[in-house]
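Please examine the sequence and the model shown here before reading on.

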Amino acid sequence: MNRPSGFITPRRVIGAQLLFAIYDSLVLGFSNRFVWKCPTRRLLAQYDDMASANHLEVGVGTGFFLDRCRFRTAPSRLVILDQNAYTLAHAAFRLRRYSAQAYQRSILEPLKLGDPGFDSVGINYVLHCLPGDIAGKAVVFEHLARVMNPNAVLFGSTTLYHGVEKNPLARLCLAAYNRLGIFCNLDDSLDGLKKMLAQYFSETRVEVIGCSGIFVCRG
Ligand SMILES: C[S@@+](CC[C@H](N)C(=O)[O-])C[C@H]1O[C@@H](n2cnc3c(N)ncnc32)[C@H](O)[C@@H]1O
């Protein structure tokens with residue numbers, strides 16, 4: 001039978017579930033701590049502090065952070081977005097207690113999510129996967145700024161190549177991931193990230209922990 005390449009089959013679903021379990025334990029459990037030196041609990045703390053009851057999550061992945069997040073106010077509107085149908089379905093199921101609305105979209109395209117806007121936007125570990133240099137990735141913030149309410153906060157993190165300290169394991173993984181096309185961050189620098197965020201937001205804060213640039217933006 002001829003099936004379109006994006007067709008969801010039981011075999012692919014099982015394979016994807018396995019990958020998600022590996023992602024949560026290997027990337028969030030091991031790599032964040034020992035390779036990128038940016039513990040997952042630090043990233044989660046940002047969600048606890050900033051995710052609002054009206055939240056948009058971009059590149060939701062396995063949904064780990066929203067699942068573990070201790071929302072100050074339980075979400076009344078939780079929108080999750082990812083270009084990958086498998087991660088999106090997995091995260092939507094994991095977050096079903098919040099009735100998360102899932103959109104299969106690329107953040108490189110303008111978001112048409114309708115009114116109203118969002119009070120918080122999370123974009124964690126997505127920028128380093130996007131093609132192009134950091135200036136080219138700026139289009140993401142142009143799209144996100146358009147769907148944010150006036151006092152909304154945007155927060156997230158990305159693995160940087162320049163302007164951060166890399167241990168030998170991090171150098172090895174960065175080289176391999178960039179070669180395999182898992183990451184695309186050989187041109188991403190701390191300075192570039194700061195400049196790009198300042199282009200779109202009046203208030204920006206970037207903190208470096210290990211190889212990660214952790215950012216919070218308003219205005
Ligand atoms: C490294 S994972 C991070 C997942 C999650 N945010 C986390 O921190 O665990 C990157 C996620 O971004 C998604 N992604 C990559 N490029 C994207 C794009 N252009 N638009 C939307 N999502 C994208 C991937 O499918 C993946 O789920």
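## Fold pattern

Which pattern does the chain follow when it is read along the sequence? In this predicted model, the order of elements is α-α-β-α-β-α-β-β-α-β-α-α-β-β.

## Overall dimensions

The radius of gyration of the chain is 17 Å, and the globule rule gives 17 Å for 219 residues, so the chain is as compact as a globular protein of that length. The C-alpha trace spans about 50 × 40 × 30 Å along its principal axes.

## Burial and contacts

Of the 219 residues in the chain, 39% are buried. Contacts were considered between residues at least 6 apart in sequence; 65% of these join residues at least 24 apart.

## Helix α6 and its end

Helix α6 covers residues 168–180. With 13 residues at 1.5 Å a residue, helix α6 should span 18 Å, and because its end C-alpha atoms are 18 Å apart, the expectation and the model agree. Just after α6 comes G181, which takes a positive phi of about 80°.

## Surroundings of the ligand

Which residues come nearest to the ligand? There are 17 residues around the ligand, and those that come nearest are G59, G61, N84, I107 and N124.

By class, the shell around the ligand consists of nine nonpolar residues, seven polar residues and one charged residue.

Note on methods. Residues numbered from 1 in each chain as written. Predicted model: local features only at pLDDT ≥ 70, side-chain atom pairs only at ≥ 80, totals over all residues. Near = placed C-beta within 6 Å. Nonpolar A, V, L, I, M, F, W, Y, C, P; charged D, E, K, R; others polar. Helix = DSSP H or I, 4+ residues; strand = E, 2+ residues; numbered from the N terminus. Rg over C-alpha atoms; globule rule 2.2 N^0.38 Å. Buried ≥ 20, exposed ≤ 12 C-beta atoms within 10 Å, placed from the backbone. Contact = placed C-beta atoms within 7 Å. Expected span 1.5 Å × (residues − 1).
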